[in-house]
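Dear colleague,

Please find the sequence and the structure below. My notes on what was found follow directly after them.

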Amino acid sequence: MLRPLPAIHFFAIAALVSLLAGCATPPPASDPEALAEYRATNDPAEPFNRAMFDVHQAIDSAILRPINIAYRWLPSPVRNSVSSVLSNIRTPVVLLNDMLQGEPVRAGDTLGRFFINTTLGLGGFFDVAETHFGVPVHYEDFGQTLATFGVGEGPFLFVPILGPINLRDLAGQGVDTAAQPLTWFGQGLTVNILSGVRAGAVVLDNRDYYFDVIDDMNRTSLDPYAALRNARRQARAAAIANRDAVGHQPPSR
Amino acid sequence: MLLLIRRDFAVLGLALLCTQPSHAQVDTARAAQFIQSAGDELVAAINNPGLNAAARQERVASILRRSVDVETVGRFVLGRFWRVATPAEQQDYLRLFEASLIRNLAGRFGEYQGVRFSLGRSQSRTEDDALVSTIVTRPGSNPFNLDWRVTESSGQPKIVDLIAEGTSLRLTQRSEYASVIQRGGGQVAALLSAMRAQSAR
């Protein structure tokens, strides 16, 4: 039986279905530089994506940002604990992708961190693996695994709440969700509530991690959509090449 | 077999010859030293308890004006549109670009109270610049990687890019400006008026 889809996936599917709605016109072949740029940007659904970005910005300023500001009343050790718990819950997914990518050392780090943080870290609330054993967290997801297999990124998409993402990574998120421990417990009200709480907490944890960056971008960027699209692509390239992050960085959205 | 190995050595030798930098070589140690001292100055200004917010930003801005190769960055960011722009537009652009770059960076750094930084392990070099990696920490936030791209094209080490956790600022900005121009009908003037509107805010 199909499990009810979380809101995020509903948005994702709605975005895919509506992709046909608006397509950008490629520049003429007489302007090779513009054409090269158009290909590199890889955003054939730009008009639609920009509309979705506007929807996201409206949701963000009306709901997400105010919630985030309230969340920031909590002292940072508490918020760090939320991040640690979420990252501990994510261990099986990261471990699976470490192994699929043929990274035994990183897989060992992931597994070791899980045992240390679940026991000494009191169920993941404290990241003792990093603070006492010097093994920092890292993230992998199935989108990155697909990239290491040589799968191209596919067209760029902007999905409200989920944010900037490409088709490959969106598909990867579907696989990661299926591989997630909460999915194994089958269904039922409790599992659905837990999944919902976790999904909400992930959105909030990510929003909080980028709080200053988002404010800064909205204040200074002449075209926040284009800036975000490019920054996201660079950040993903760094994550795929494992050049990302000392210490904490939240999982890809 | 031996022949094969010999050939490999020959190829290796040739590769080494080819990678010898021919011009404007940047010494990584010098670049790292430069970032260490510019960073120390910035941190001292940001954390100076005797300064109010405006004075702090002004001090940070003056350090940046000295340490950043604004013209090189500006040309890079305008990219292919630099050639399309008229000389007057180029002048206008560089003036607006300097103001916005310094204002944005000073505004961002100015808020980083309690910030500290340390040089990272890896220092690398490309054909004409060096990449100096640092780790930036501030209270209540997680540490992050900040790499500084340094050139010596003007004879002195200068910053030409900041790369935060793998994301280059100048690449992001180039893409942003290209989008503004493209949406403005391919006119550099569209970018200039957007920049002017922002500096008036």
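Where pLDDT is low, the predicted coordinates should not be read in detail.

This is a predicted model, in which local features need pLDDT of at least 70 and side-chain atom pairs count only at pLDDT 80 or more, while totals for chains, interfaces and linings use all residues. Residues are numbered from 1 along each chain as its sequence is written, and chains are lettered from A and ligands numbered from 1 in the order in which they are written.

Confidence

The model scores ipTM 0.83 and pTM 0.85. Chain B has an average pLDDT of 85, with 86% of its residues scoring at least 70. For chain A the average is 87, and 87% of the residues score at least 70. In chain A, pLDDT stays under 50 over residues 1-7, for which the model has six contacts beyond four places in sequence. It also stays under 50 over residues 247-253 of chain A, where the model has 25 such contacts.

Helix packing in chain B

Helices (H or I, at least four residues) and strands (E, at least two) are DSSP runs, numbered from the N terminus. Helix H4 (residues 70-78) of chain B and helix H6 (residues 87-110) of chain B have axes that come within 10 Å and cross at roughly 105 degrees. Axes here are lines fitted to C-alpha atoms, for helices over the stretch in contact, and angles run from 0 to 180 degrees between N-to-C directions. The contact of H4(B) with H6(B) has eight nonpolar, one polar and two charged residues. In this classification Ala, Val, Leu, Ile, Met, Phe, Trp, Tyr, Cys and Pro count as nonpolar, Asp, Glu, Lys and Arg as charged, and the others, Gly among them, as polar.

H4(B) also packs with helix H7 (residues 169-183) of chain B, at an angle of about 50 degrees and with the axes 7 Å apart. H4(B) and H7(B) are therefore oblique to each other. From H4(B), B:Val73, B:Phe76, B:Val77 and B:Leu78 meet B:Arg170, B:Gln173, B:Arg174 and B:Tyr177 in H7(B). By class, this contact has five nonpolar, one polar and two charged residues.

Strands in chain B

Two strands pair if DSSP finds at least two bridges between them. Strand E2 (residues 129-137) of chain B and strand E3 (residues 144-151) of chain B run antiparallel and are joined by eight bridges. B:Val136 stands opposite B:Phe144 in E3(B). The hairpin of E2(B) and E3(B) has six residues between the strands, and B:Gly140 takes a positive phi near 80 degrees there.

E3(B) pairs in turn with strand E4 (residues 158-164) of chain B, in the antiparallel sense over six bridges. Here B:Leu146 stands opposite B:Ala164 in E4(B). In the hairpin of E3(B) and E4(B), with six residues between the strands, B:Gly155 takes a positive phi near 95 degrees.

Chain A

Chain A has 13 helices and two strands. Of its 253 residues, 31% count as buried, that is, 20 or more other C-beta atoms lie within 10 Å of the residue's own, against 12 or fewer for exposed and in between for partly exposed, with C-beta atoms placed from the backbone. A:Asp98 is found in helix H5 (residues 91-100) of chain A. With 22 C-beta neighbours inside 10 Å, A:Asp98 counts as buried. Beyond its neighbours within four places in sequence, A:Asp98 is in contact with residues including A:Arg106, A:Thr110 and A:Glu140.

The contact between the chains

The contact takes 22 residues from chain A and 23 residues from chain B. On the side of chain A that touches chain B, the largest share, seven residues, comes from H13(A).

Yours sincerely

How values were computed: pLDDT is the predictor's confidence in each residue, from 0 to 100. Two residues are in contact if their C-beta atoms, placed from the backbone, lie within 7 Å. Angles under 35 degrees count as roughly parallel, over 145 as roughly antiparallel, 65 to 115 as roughly perpendicular and the rest as oblique.
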